[in-house]
Amino acid sequence: MFYEVELLREVAVLAENLDRDKLVSSRFIVTRLLEGLLSEKADEDLGYFLAVTGIKRIGKGEVVHNSGDVFFPVVFNCRMFLPRKGEILEGVVDHVHRLGVFLRCGPVKYVFLSARKMPNYRYVVGEKPVFLHDDLARIEKDVVVRFEVFGVRWMRREDITKEFMMLATLQGDLLGPVTGPDGLDL
């Protein structure tokens, strides 16, 4: 789930960003590091990059002789999120479909909860589709649902550059809707 890790990244500073004394501020290096992590977004083994919690060290830069660009080794601590099978998480219903619901959970945009993994829930068609439980609990758009992670897959495609996708289940104790669309506890 959440954890901290120490990482090393090489941060590139283009020659045009160096001042006339061939120097660069540590603030600029940290900004470039954050931009790189933002574009990288996630790693298959480590999970999602959530926050840099501390900079340990910015090493001496190495100049690339052809271009004059400088690479700085940066050691930093980073808070990560890596979903694992069997974990209990909460997500917000984004879309309701007759085959199940799609949830968002933190940085994970694609969590699918199949209708087959929702015991005692039935799909109710309408302008605002809903899954209704025998005890009248409702799973509809914007409801927070506590679920168990049933499966995790790392996706790296053109339209979803780097993303985890999860399958969810409500088969277990204390799983299901936590709050309704109006934010009230159920």
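Me: What makes the roughly 840 Å² between domain 1 and domain 2 buried area?
Reply: Buried area is the accessible area (1.4 Å probe) that two parts lose on being put together, summed over both. Domain 1 and domain 2 bury about 840 Å² that way, 66% of it on carbon and sulfur atoms. This is a predicted model, where local features need pLDDT of at least 70 and side-chain atom pairs count only at pLDDT 80 or more, while totals for chains, interfaces and linings use all residues. Residues are numbered from 1 along each chain as its sequence is written, and side-chain values use heavy atoms, with hydrogens and water left out.

Me: Where do domain 1 and domain 2 lie in the chain?
Reply: Domain 1 covers 2-81 and domain 2 covers 87-177; such bounds come from an automatic or database domain assignment. Their C-alpha centres are 36 Å apart.

Me: How many residues of each domain are in contact?
Reply: Contact means heavy atoms within 4.5 Å, and 9 residues of domain 1 are in contact with 9 residues of domain 2.

Me: Why is the pair lysine 41 and glutamate 163 called a salt bridge?
Reply: The rule wants a side-chain nitrogen of Lys or Arg within 4 Å of a carboxyl oxygen of Asp or Glu. Lysine 41 and glutamate 163 have their closest N and O atoms 2.7 Å apart, so the pair qualifies. Across the interface of domain 1 and domain 2, the rule finds 1 salt bridge.

Me: Which strands supply at least two residues each to the side of domain 1 that touches domain 2?
Reply: S2 (42-43) and S3 (47-58) do; strands are DSSP runs (E, at least two residues), numbered from the N terminus. S3 gives the most, with 3 residues.

Me: What does the salt bridge of lysine 56 and glutamate 6 tie together?
Reply: That pair meets at 3.2 Å, N to O. A search of the whole structure finds 8 salt bridges.

Me: How does the chain's radius of gyration compare with that of a compact globule?
Reply: Taken over C-alpha atoms, with the globule rule at 2.2 Å times the number of residues to the power 0.38, a compact globule of 186 residues would come out near 16 Å, but the chain has 22 Å. The C-alpha trace spans about 70 × 30 × 30 Å along its principal axes.

Technical notes. Helix = DSSP H or I, 4+ residues; strand = E, 2+ residues; numbered from the N terminus.
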